[in-house]
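Reader: I would like to learn how to read a few features of a structural model, taking them one at a time. Could you give the general idea first and then the case at hand?

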Amino acid sequence: MDKLSYNLYTPKPTHTEMSITTKQSTVKAFDSLPVAIGFLIAVLVFTMFLVGYDQGQLFSVVEGQSAYDTMWIHELTHDMRHAAGFPCH
Amino acid sequence: MKALTLVGITLSSGVIAGIILAFLNLGIVEPTIDKAIALEVQKQVSAGENVNMSELIDYRYWQKAGAFAGGAIYGAGLAALFGVIFVFARNKLPGKNNKQKAMFLAGIMWFVLFLMVALKYPANPPAVGDPDTIYYRETLYIGYIMISGLAALGMSVIWIKTRINSKKIIIPLMYAAIMVTAYVIMPPNPDKIEISMDLIQTFRVLTAITIGVFWGILGIMFGSLWDKFLSKEQTLAAKLY
Ligand SMILES: [Zn+2]
């Protein structure tokens, strides 16, 4: 069995394994294919929001209403937004 | 550590391809954006608005630098989607090695997620677009990408599950039928175009090319890195079926 299928299909490690490798098992918990896929999908949604959608929403969390006027992320990614075909202006 | 390796090669190939895209755009697409912005400024000046030219020039430098950040973010995001699809589809993709398989998938994704969408909602340079309709246009654009993407995904599943010979004709026709229907049903971009159509067409052709090159680079990078770091991991995708 390879490492990946170990991660996916082996039940919890035994007590001895656990005590030796607490740190390692934390790494392993993140090193499973479903977690990787979930993470990549989150990256997809967040990045597309930044480059293709944001009109100040993200910074409005801290800046409040003024973020909608500054539109810092929109302005920063502006040229790429046009070049990638997203609606912008 | 294979799943972490997958995330690593996915995001790094995306960021690198995105930065290369920004470099290409700087030489190929930016001149057209600058022309469009010049037209905008002309319009503002003739409408009696005060435009601080030196401020504008500095601002444009900042935005051109920002396009590199934009490219890295854009590349990482599309690569993330690419990586997820590749993991599921690798065994079914044509090609002798992972580089060829990745190139094939990248070509399909450029076609489905960019070109098909651009036929209905083509890219526009600055000077086109009414800020008041931005959310409406974003909704249309994202909706159309979802239609094209999900249709292609559905067709791929049918392709894998069916054994009939004529699927090579029937399945692309089914995708085409969905896209023609969507093309007819979806409302048009509401904004009027007030600048020269030449400039806009140039912009559209150039962006289709640079985005196509981006996908090609992403495919080559991802496939090479997969061969280097994950080639022994034949079971990575198989475990999911
Ligand atoms: Zn714009």
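Reader: Let me begin with a single side chain: is B:Ile164 buried, partly exposed or exposed?

Author: Please keep in mind that this is a predicted model. A residue is called buried under 20% relative accessible area and exposed over 50%, with partly exposed in between. B:Ile164 has a relative accessible area of 48%, so this residue counts as partly exposed. As for its place in the chain, B:Ile164 lies in the loop between α5 (134-161) and α6 of chain B.

Reader: Which residues form the nonpolar patch on the surface, and what accessible area do they have together?

Author: The patch is formed by B:Ile158, B:Ile164, B:Ile169, B:Ile170, B:Leu173 and B:Met174, which together have about 520 Å² of accessible area. Helix α6 of chain B, residues 167-185, contributes the largest share of this patch, with 4 residues.

Reader: Turning to the backbone, which value does phi take in A:Met71, and which in B:Ala127?

Author: The general idea is that most residues other than glycine have a negative phi. In A:Met71, phi is near 50 degrees, a positive value in a residue that is not glycine, and in B:Ala127, also a residue other than glycine, phi is positive as well, near 85 degrees. A:Met71 is found in the loop between α6 (67-70) and α7 (72-76) of chain A, while B:Ala127 is found in the loop between α4 (98-120) and α5 of chain B.

Reader: Are these two residues buried or exposed?

Author: The relative accessible area of A:Met71 is 19%, which is under the 20% limit, and therefore A:Met71 counts as buried. For B:Ala127 the value is 19%, so B:Ala127 is buried by that rule too.

Reader: How many cavities of 30 Å³ or more are there, and what volume has the largest cavity?

Author: In general, rolling a probe the size of a water molecule over the atoms shows where empty space is left. Here the count comes to 2 cavities of 30 Å³ or more, and the largest cavity has a volume of about 150 Å³. This largest cavity is lined by 17 residues, of which A:Pro87, B:Pro122, B:Asn124, B:Arg137 and B:Asn189 are the closest to its centre.

Reader: Which classes of residue make up that lining, and which element gives the largest share?

Author: The lining of the largest cavity has 9 nonpolar, 6 polar and 2 charged residues, and the largest share, 3 residues, comes from α5(B).

Methods. Residues are numbered from 1 along each chain as its sequence is written. Chains are lettered from A and ligands numbered from 1 in the order in which they are written. This is a predicted model: local features need pLDDT of at least 70, side-chain atom pairs count only at pLDDT 80 or more; totals for chains, interfaces and linings use all residues. Side-chain values use heavy atoms; hydrogens and water are left out. Patches are made of residues with over 30% relative accessible area and no salt bridge: like charges are joined within 9 Å, nonpolar side chains (Val, Leu, Ile, Met, Phe, Trp, Tyr) within 5 Å. Accessible areas come from the Shrake-Rupley method with a 1.4 Å probe; for residues, only the protein chains shown count as cover. A salt bridge is a side-chain nitrogen of Lys or Arg within 4 Å of a carboxyl oxygen of Asp or Glu. Helices (H or I, at least four residues) and strands (E, at least two) are DSSP runs, numbered from the N terminus. Buried means under 20% relative accessible area, exposed over 50%, partly exposed in between (1.4 Å probe, protein chains only). On a 1 Å grid over the protein atoms alone, a cavity is a set of points where a 1.4 Å probe fits but cannot get out, and a pocket is an open set with protein on both sides within 12 Å along at least five of seven lines; lining residues have an atom within 4 Å of a point. Grid points are joined across faces, edges and corners, and a volume is the space filled by probe spheres set on the points. Ala, Val, Leu, Ile, Met, Phe, Trp, Tyr, Cys and Pro count as nonpolar, Asp, Glu, Lys and Arg as charged, and the others, Gly among them, as polar.
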